[in-house]
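Please look through the model below with attention to the backbone, the order of the elements and the surface.

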Amino acid sequence: AYRALWDRGLPTQGKYTFTDGLEFEVEKWLYCDGYDRRFYTEISSGFKPPGIAQLTNLDPPKIIPKGCYDCGDGFYNPKTRIVVDYKRKFLRNADDDEHEWILRTCRKAWDLTAEEEPKPSHSLS
């Protein structure tokens, strides 16, 4: 959301705030700068205990529909190339660049966490 003081249709002072409470700063913007990889909720609320992973800024993360990716503002189906919001309402059609970026970087429904990976079986024979 963008809140501002307006003068004749132009903002004189304003601030953009994301839905999770993070306020955008034009100068001294340190969030997602490549050095600090914490989610905003980890910055504002602290880390979870050791051994408990936080996979997304939203914790617990949304359950991704089968065959889809979580692209940050919704789910992406690579077969239809459609992004829907988390309530399954249409957002946009992905172009080639966004399609490639999502496939390369986003969490997918079939990702396994360390806790879910199958344990090796030990035979006594």
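R81 counts as partly exposed at 26% relative accessibility, where partly exposed lies between buried, under 20% relative accessible area, and exposed, over 50% (1.4 Å probe, protein chains only). R81 sits in the loop between β4 (75-77) and β5 (82-84), and its phi is positive, about 60°, although R81 is not a glycine. Most residues other than glycine have a negative phi.

This is a predicted model, in which local features need pLDDT of at least 70 and side-chain atom pairs count only at pLDDT 80 or more, while totals for chains, interfaces and linings use all residues. Residues are numbered from 1 along each chain as its sequence is written, and side-chain values use heavy atoms, with hydrogens and water left out.

A positive phi, near 55°, is also found at R8, a residue other than glycine. R8 belongs to the loop between β1 and β2 (10-16), and R8 is exposed, with a relative accessible area of 83%.

The chain holds 2 helices and 7 strands, taken as DSSP runs (H or I, at least four residues, for helices; E, at least two, for strands) and numbered from the N terminus. Their order from the N terminus is β-β-α-β-β-β-β-α-β. Of the 125 residues, 18% count as buried.

The chain exposes about 10300 Å², of which carbon and sulfur atoms supply 55%; accessible areas come from the Shrake-Rupley method with a 1.4 Å probe, and for residues only the protein chains shown count as cover. Y2, in strand β1 (residues 2-7), is partly exposed, with a relative accessible area of 44%.
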